[in-house]
Amino acid sequence: MRRWNASLILLLVLVFDSGPTMGASGETDPASQLLRLSEAIRKAMPEARYEAEQVVYSFTGDKTVATRFRVKYAYPYRKRECIEGPEKNRVVILEDGKFHWSYFPARKVVVKEPLREGDSPFPLCPTLDVKFLLQNYRVQILGPVPVDGMQCRVVSFVPRLRDRPRREWWLEDKWNVPIRVSVSTSDGRPAYRTELQKIRWNVKFKPEAFALKVPRDTRLCEVREQEHLSIDEARRLLKRPVVLPGMIPAGYRLRDVVLRAEGPRQCLQMVYTDGLSSFSFFQEWARPGMAASLAGTRAPVEGAPSVAMTRRHGLMNVATLPGPDRRTVLVGDLSQERLSEMAESIREAIRKSLGKSLEKSFRLNPSSP
């Protein structure tokens with residue numbers, strides 16, 4: 001999850017061609033099939049053009065929240081406009097191939113962020129490391145089956161470990177577009193579902209269809225990012241220690257280190273993935289040098305964050321560690337139990353880091369009160 005608002009939820013899309021079905025027969029090598037799927041996706045990206053209504057369902061406990069969007073897609077543009085619900089919650093999201101623009105009319109704010117590959121409706125995650133993906137998931141493909149006058153294939157990813165969600169895609173056979181996406185929690189409960197309805201294919205859009213029109217008094221907030229950093233580069237840019245989780249769930253590895261900045265605010269994001277599921281570890285500082293203010297105290301434990309507060313938002317679980325010098329947040333589609341374990345390991349790592357920093361300060365300044 002890359003963003004703090006609802007648009008953080010990331011989707012991975014796969015497409016399957018009209019060749020033999022992979023399943024109980026095992027007639028086709030899974031890795032070869034996934035590579036063919038990714039190649040089909042690359043070909044579909046610049047060719048598909050459509051307009052539709054999208055309904056997104058988020059399930060939390062007994063509560064179901066449905067949000068409806070109007071969607072337009074013509075490579076490299078994608079525009080999603082919330083068309084129902086409270087005015088204060090509505091948003092218009094535009095992707096132009098380079099940037100991700102989020103316009104909040106009620107707040108008169110536009111947030112501009114660099115566009116990442118994962119924001120595309122045609123993600124290519126399986127091409128990165130198919131072997132790694134298959135170590136963590138079993139792939140099941142059924143179909144084609146008729147859906148609302150279209151032919152679709154149902155592609156399911158079943159996790160080998162039960163601490164992460166299962167995903168299922170209903171994929172339109174010609175244009176490789178996900179008509180339905182369903183995600184269930186590690187214990188089998190529905191967590192997230194999206195559907196495309198009233199689809200119009202091969203739409204000839206006018207140039208203004210992908211314009212983002214806002215009032216003159218709208219404020220622009222620009223988020224700058226530096227991606228693909230090493231841990232040492234992040235330490236050098238931040239000029240402060242970088243804390244790593246002491247416990248990583250089985251099957252996950254570090255995919256990216258990103259430094260995000262908005263004005264004086266700095267946020268370091270570490271993205272971990274198992275090839276399909278992912279979680280992010282954020283550390284945010286209100287202003288540079290804030291952690292150094294702890295150097296005058298003799299109580300290292302006072303600088304450590306308190307016990308993590310956890311909550312669930314549909315598919316995503318969130319664990320927050322409040323602290324005097326930083327805000328630490330874990331966001332991901334892992335089970336709440338695994339997320340809490342990681343949060344505790346991070347809390348302990350931060351406590352040790354602060355203790356070492358203060359110990360070094362006292363050695364340099366032995367006369368400090």
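1. Trp169 sits in strand β9, which covers residues 166-172. The model is predicted. Trp169 has a relative accessible area of 1%, so it counts as buried. Its C-alpha atom is separated from that of Cys152 by 9.3 Å. Along the chain, Trp169 and Cys152 are 17 residues apart.

2. Where does β9 belong? It is one of 12 strands in an open sheet, ordered β7-β8-β9-β10-β11-β1-β2-β3-β4-β5-β6-β12. Pairing in this sheet is mixed. The edges are β7 (137-147) and β12 (219-222). Each has a single partner strand, so one side of each lacks a neighbour in the sheet. Ignoring direction, neighbouring strands of this sheet are turned by 15° against each other on average.

3. One pairing in that order is worth a look. Strand β5 (residues 99-104) runs antiparallel to strand β6 (residues 109-114), with 6 bridges between them. Tyr103 has Val110 in β6 as its bridge partner. As background, strands of a sheet pair through backbone hydrogen bonds, either parallel or antiparallel.

4. Next, Glu51. This residue is in strand β1, residues 49-60. Its relative accessible area is 17%; the cut-off for buried is under 20%, so Glu51 is classed as buried. Its side chain makes a polar contact of 2.6 Å with the side chain of Arg200. Beyond four places in sequence, Glu51 contacts Arg70, Val71, Lys72, Lys198, Ile199, Arg200, Val203 and Phe205.

5. Which residues touch the most other members of the largest nonpolar core? They are Leu34, Tyr50, Phe157 and Ile199, and the core holds 49 residues. There is a second, separate core of 24 residues. Its members include Tyr252, Phe281, Trp285 and Leu334. In soluble globular proteins, nonpolar side chains tend to be buried together.

6. The model has another open sheet, of 7 strands. The order is β13-β14-β15-β16-β19-β18-β17, with antiparallel pairing. At its edges stand β13 (224-226) and β17 (309-313). Each pairs with a single strand, so one side of each has no neighbour in the sheet. From one strand to the next, the twist averages 20°.

7. Inside this sheet, β16 (residues 278-285) and β19 are antiparallel and joined by 6 bridges. Glu284 stands opposite Arg327 in β19. Thr328 also lies in β19, which spans residues 327-332.

8. Is Thr328 buried or exposed? Its relative accessibility is 1%, so it counts as buried. Neighbours within four places in sequence aside, Thr328 contacts Phe281, Phe282 and Gln283, among others. Further contacts of Thr328 include Ala319, Thr320, Leu321, Ile346 and Ile350.

9. Finally, confidence. The protein chain averages a pLDDT of 79, and 78% of the residues score at least 70. Over residues 1-27, pLDDT stays under 50. The model still has 91 contacts beyond four places in sequence for residues 1-27. Residues 288-303 also stay under 50 in pLDDT. For residues 288-303, the model has 29 contacts beyond four places in sequence. Where pLDDT is low, the predicted coordinates should not be read in detail.

Terms used. Residues numbered from 1 in each chain as written. Predicted model: local features only at pLDDT ≥ 70, side-chain atom pairs only at ≥ 80, totals over all residues. Heavy atoms only, no water. Core = buried A, V, L, I, M, F, W, Y, C linked by side-chain atoms within 4.5 Å. Buried < 20%, exposed > 50% of the residue type's maximum accessible area, 1.4 Å probe, protein only. Helix = DSSP H or I, 4+ residues; strand = E, 2+ residues; numbered from the N terminus. Contact = heavy atoms within 4.5 Å. Polar contact = N/O pair within 3.5 Å; in protein donor to acceptor, adjacent residues only side chain to side chain. Pairing = 2+ DSSP bridges. Axes fitted to C-alpha atoms, helices over the stretch in contact; angles between N-to-C directions. pLDDT = per-residue confidence, 0-100.
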